[in-house]
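Visitor: Could you take me closely through one part of this model, the sheet and what packs on it? I would like the criteria behind each term as you go.

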Amino acid sequence: LFGVAFLCLFDGRERCNRTFKPLFALYEPTERKGTKMELQLKGIKKSFGGVNALSGVDLHIDEGEVMCLAGENGCGKSTLIKVISGAHKADAGEVYINGRLMKHITPQVAMQEGIQVIYQDFSIFSNLTVAENIAMNSEVQAKQKLVSWKKIERTAKKAMANVGIEIDPSLLVERLSVANKQVVAICRALLDNAKLIIMDEPTTALTAKEVERLFEIILKLKERGIAVILVNHKIEEVYNIAERLTILRNGKNIADGPIREFNKKRFIECMTGREIEENRYTPENNENAKELLHIEGFTREGSFKDVSFTIRENDILGITGLLGSGRGEIGEALFGISPANSGKIRIGGKEVKIRSVKNAMDNGIGYVPEDRLTQGLFLEQSIGMNMMIAAIRKYRKRF
């Protein structure tokens, strides 16, 4: 065993894997059965520094039910999720799981009861492979002392097959799209004996096609008796997947019932507390406006080829396509993260070269990445620092 540890430390995992595969294949955990789940919350209250985040919220979900939790930002949705998952302790109220009063819920207790939360950042390890991320929790819970990479890969493939998805298990998660990162998080939750999966704003960064695939996965979870709570306020998506709707406003229950009881008008009124007229934007003819950006023959091998377009003042240009079509890579190339191999870029009528992020910023281009949390923000820094960091040079003193 000392020799194995020494080899792993100094000669890398791959050689260790090839040399000691027979020794590693020692343990195959048994699959846990049972999906019964009935969650009931009564009069949940939670405040932070005198601010009432939740004021007597009730919620109920049964086995195999798909429910949408909706409300404007700041209405208490995230706080309620954290109470259910044990991340926050409620100041008052009762939580029942399968009819049992849960006097003290911790994240560990919630997971043991089959409650899994998939947050917007997915809480996955970007520097590990797809297989390692999916099998991580089950390996730790089994108290494995040695690692069988073959078993981990087999476990990951089985989890992905359960939701009808195929992703190369050896890929690093940092190379995946947001949609596929979400799939990895769902597969890991299923291995953790999930009976209730809560998804926090799962469609924020997804295209319509990717949303459709996510809903197909949710329906498969429903068929297996797994309950799903979707935190969402996109009306069309809610009607496409949810069976029941619960709406919060200012930390209070405003409405609850079957989705068929909510038309679009009632949905909006319950969320906002007021009537909102629907106005459709009609773009003006902008052909004579000043040209800001012109792209011609834009190409990056393996990502996109011969892309051309022009943006004028006040234009809003949409670039769309299926997963892997190259839509996101065009933005990365324009911002100098992964520059194009060929093509012309003209800004304000002047041809420029963008070979780095600095080139792009010097030419007045900003970039909001697809994955906001891992690529767009410094999470350990303040809001103020994050807002002004792109202009840090303006505020830098001489020395």
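Guide: The part to look at is an open sheet of six strands in the order β6-β7-β8-β3-β9-β10, with mixed pairing; strands here are DSSP runs of E with at least two residues, helices are runs of H or I with at least four, both numbered from the N terminus, and two strands pair if DSSP finds at least two bridges between them. The edge strands, each pairing on one side only, are β6 (115-118) and β10 (252-258), and the twist from one strand to the next averages 15°. This is a predicted model, in which local features need pLDDT of at least 70 and side-chain atom pairs count only at pLDDT 80 or more, while totals for chains, interfaces and linings use all residues. Residues are numbered from 1 along each chain as its sequence is written, and side-chain values use heavy atoms, with hydrogens and water left out.

The pairing of β9 with β10 is antiparallel, over six bridges, and R249 stands opposite K252 in β10. These two strands, β9 and β10, form a hairpin with two residues between them, and N250 in the turn has a positive phi of about 55°.

Because five of its six residues are buried, β9 is largely enclosed by the rest of the structure; buried means under 20% relative accessible area, exposed over 50%, and partly exposed in between, with a 1.4 Å probe and protein chains only.

Helix α3 (residues 77-85) lies across β3 (66-70), β6, β7, β8 (227-231) and β9 (244-249), running at about 150° to β7, where axes are lines fitted to C-alpha atoms, for helices over the stretch in contact, and angles run from 0 to 180 degrees between N-to-C directions. Helix α10 (residues 264-272) packs on the sheet, touching β3, β9 and β10, and its direction makes about 35° with that of β9; contact means heavy atoms within 4.5 Å. In α10, F267, C270, M271 and T272 are buried, and their cover includes β3, α9 (235-241), β9 and β10. The helix α10 is followed by G273, whose phi is positive, near 80°.
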